[in-house]
Amino acid sequence: MSETWRRFGSYDVLILDDGVFEAPLDVLIHAEGEAARDEAVARWGKPKVSIPVNCFALKGADGITLVDAGTGPSWGEAMGHAPAAMAKAGIAPEQVERVLITHLHGDHALGLFDGDRARFPEAEIVVPEADFAFFGDEAKRAQTPQNRQGGFAVTAAVKKHYAGRIHSAPVGRVRPGITLIPLPGHTAGHGGYLIEGDAPLLLWGDALHLSDLQAADPDIGFVYDFDAAAARASRRTILERAAHEGWIVSGGHIEGFRRVVESDAGYELIPA
Ligand SMILES: [Zn+2]
């Protein structure tokens, strides 16, 4: 895990290590069904799913920006370490000017809260407007399976604790040099943030949860994908685009900074 700031465009970027999320193998799905899933899992050869959880600090002329906020304390001791990583980097919560949220799942947004208050007293919260609208709609909650309802509670808490400081952002430029790219599927309004410059960096949220497995076979999905077919299409599109453009990528569940290259079957994420 990188512990040094690295320059992209007009920002210095630091990966904040929040911890590791572990889950049984049955959180994985495959577009071609269970047999294809089992085959891919057998080839992969790992006994369980072990996913790094990250968020990011950006230091620029406009102060400190975070991309996502980690899990906070409520998901157990294996996660919720982003505040310690921030403190180690010398960033106080009061210094955070804004948090760009890729989507409103707990491992990306619960870190916005410190118990029953906002962790970042001065920050504006930028959320993709399609995600904010979906998770703010009670009628949608009723149609959503229980195990995918977490985003509704997270959104209600954002509205309560950051009232008047929420920017529901359309796709496109959200800050000077930062563009929101839509990657729908994992959630309705899931997106990535592209830091523009000579060597652009795409922070793609949860386009991939398991970088090695899903890059090699982008048809592998995750049971928490809201719309598996849309998530798969977004995954394929963004892998192809990142490879073609030569973008460096990272994300909520990617280790370090990576470059996407084509491989025999699909893609490979190589250290950048
Ligand atoms: Zn996630």
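**Pocket, zinc site and selected residues**

User: Which element gives the most to the lining of the largest pocket?
Analyst: In this predicted model, local features need pLDDT of at least 70 and side-chain atom pairs 80 or more, whereas totals for chains, interfaces and linings use all residues. Residues are numbered from 1 along each chain as its sequence is written, and side-chain values use heavy atoms, without hydrogens or water. With three residues, the greatest contribution to the lining of the largest pocket comes from helix 6.

User: Which helices and strand each supply at least two residues of that lining?
Analyst: Helices (H or I, at least four residues) and strands (E, at least two) are DSSP runs numbered from the N terminus. The elements that each supply at least two lining residues of the largest pocket are strand 4 (49-60), helix 3 (106-109) and helix 6 (150-161).

User: What spacing do the donors of the zinc ion follow along the chain?
Analyst: Donors are N, O and S atoms within 2.8 Å of the metal (3.2 Å for Na, K and Ca), and sites may look incomplete because water is not among the atoms. Asp107 and Asp206 coordinate the zinc ion through OD, and His108 and His253 through NE2, at 2.0 to 2.2 Å. Along the chain, the donors of the zinc ion are spaced as D-H-x97-D-x46-H.

User: Are Asp107 and His108 buried or exposed?
Analyst: Buried means under 20% relative accessible area, exposed over 50%, and partly exposed in between (1.4 Å probe, protein chains only). Asp107 has a relative accessible area of 9%, and His108 has one of 0%. Thus Asp107 is buried, and His108 is likewise buried.

User: Within what arc do the buried residues of helix 1 fall, seen down its axis?
Analyst: Helix 1 (residues 34-44) has Ala36, Arg37, Ala40, Val41 and Trp44 as buried residues. These buried residues line one face of helix 1, because, seen down its axis, they fall within an arc (taken from the directions from the helix axis to the C-beta atoms) of 130°.

User: What separates the C-alpha atoms of Leu14 and Ile178?
Analyst: Leu14 belongs to strand 2 (residues 11-23) and is buried, at 4% relative accessible area. Leu14 and Ile178 are 164 residues apart along the chain, and their C-alpha atoms are separated by 16 Å.

User: What is the phi of Asp68?
Analyst: Asp68 sits in the loop between strand 5 (63-67) and helix 2 (82-88). Its relative accessible area is 2%, so Asp68 is buried. Although Asp68 is not a glycine, its phi is positive, at about 65°.

User: How far apart in space are Pro93 and Arg119, C-alpha to C-alpha?
Analyst: The loop between helix 2 and strand 6 (96-100) holds Pro93, which is partly exposed at 28% relative accessibility. Pro93 and Arg119 are 26 residues apart in sequence, and their C-alpha atoms are apart in space by 6.5 Å.

User: What separates the C-alpha atoms of Val261 and Glu240?
Analyst: Val261 is part of strand 17 (residues 258-262) and is partly exposed, with a relative accessible area of 27%. Val261 and Glu240 are 21 residues apart along the chain, with their C-alpha atoms separated by 8.7 Å.
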